[in-house]
Amino acid sequence: MLSLVVTKRSETCGWVCFIGRSNVGKSSLIRALFSLSPEVEVRVSKTPGHTKKMNFFKVGKKFTLVDMPGYGYRAPQDFVEMVEAYLQERHNLKRTFLLVDGVVGLQKTDHIAVDMLEEFGIPYVMVLTKIDRASRGVLLKNVLAIQEFVNEKTQGCFPQLFLVSSLEFSGVHLLRCFVAHVTGNLPTVDAN
Ligand SMILES: Nc1nc2c(ncn2[C@@H]2O[C@H](COP(=O)(O)OP(=O)(O)O)[C@@H](O)[C@H]2O)c(=O)[nH]1
Ligand SMILES: [Mg+2]
């Protein structure tokens, strides 16, 4: 199984960042992605809005991963300035992962994030979190609605949604491979 290995090397060729509403599961997902790398410690809070600063995790030889503070409920005041400025100025940002709660689907604040990413022309991927908590009917409804939104209303969003549960590790391996791929750590290979 592919693992994301942490290195102490100082140079970084690329960045990936995780954004989403407060409590959507950013820190938990980063911890799940790093579950094979025990040297990475990611704090997951019981109270929403715990991540008030950007946290940086150096991964492998080539990239640094950024856990952004959450927006929406209890978001830090300077969220917009900090995140917008960061996303605009980060030249070698390989991909931004926008996390959306799979139980409640796209919320008003998620649309603000989508508008920001679209406006800046930042390539991003939508990840539905906490799928273990959604009933099958609710999950399907949210997936279909979000997929239609992505197909019809977005330019910079990767067409494939990723569905994950950090609690049960569903979808985590595929997302880990995708992160490795977009950062140049995992070439796709022909099956033949
Ligand atoms: N059931 C379930 N709970 C989750 C999952 N991911 C996160 N949580 C819970 O949601 C809460 C917020 O998670 P956290 O990762 O701190 O969210 P953040 O504010 O976006 O970093 C915590 O209580 C987590 O245990 C998941 O995949 N399934
Ligand atoms: Mg957090």
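Colleague: What share of the 192 residues of the chain count as buried?

Modeller: 35% do. Buried means 20 or more other C-beta atoms within 10 Å of the residue's own, with C-beta atoms placed from the backbone; exposed means 12 or fewer, and partly exposed lies in between. This is a predicted model: local features need pLDDT of at least 70, side-chain atom pairs count only at pLDDT 80 or more, and totals for chains, interfaces and linings use all residues. Residues are numbered from 1 along each chain as its sequence is written, while chains are lettered from A and ligands numbered from 1 in the order in which they are written.

Colleague: What makes residues 172-182 helix 5?

Modeller: Helices are DSSP runs of H or I, at least four residues, and strands are runs of E, at least two, numbered from the N terminus. The chain has 5 helices and 6 strands.

Colleague: Which residues of helix 5 are buried?

Modeller: R176, V179 and A180. They lie on the same side of helix 5, because their arc around the axis is only 100°. That arc is taken from the directions from the helix axis to the C-beta atoms. Their cover includes strand 1 (14-20) and helix 1 (26-33).

Colleague: What does V127 touch, leaving out residues up to four places away in sequence?

Modeller: F97, L98, L99, F162, V164 and L175. Contact means C-beta atoms, placed from the backbone, within 7 Å.

Colleague: Which members of the largest nonpolar core touch the most other members?

Modeller: C17, F18, F97, L98, L99 and V127, out of 40 residues. Such a core joins buried Ala, Val, Leu, Ile, Met, Phe, Trp, Tyr and Cys residues through C-beta atoms within 7 Å.

Key
Two residues are in contact if their C-beta atoms, placed from the backbone, lie within 7 Å.
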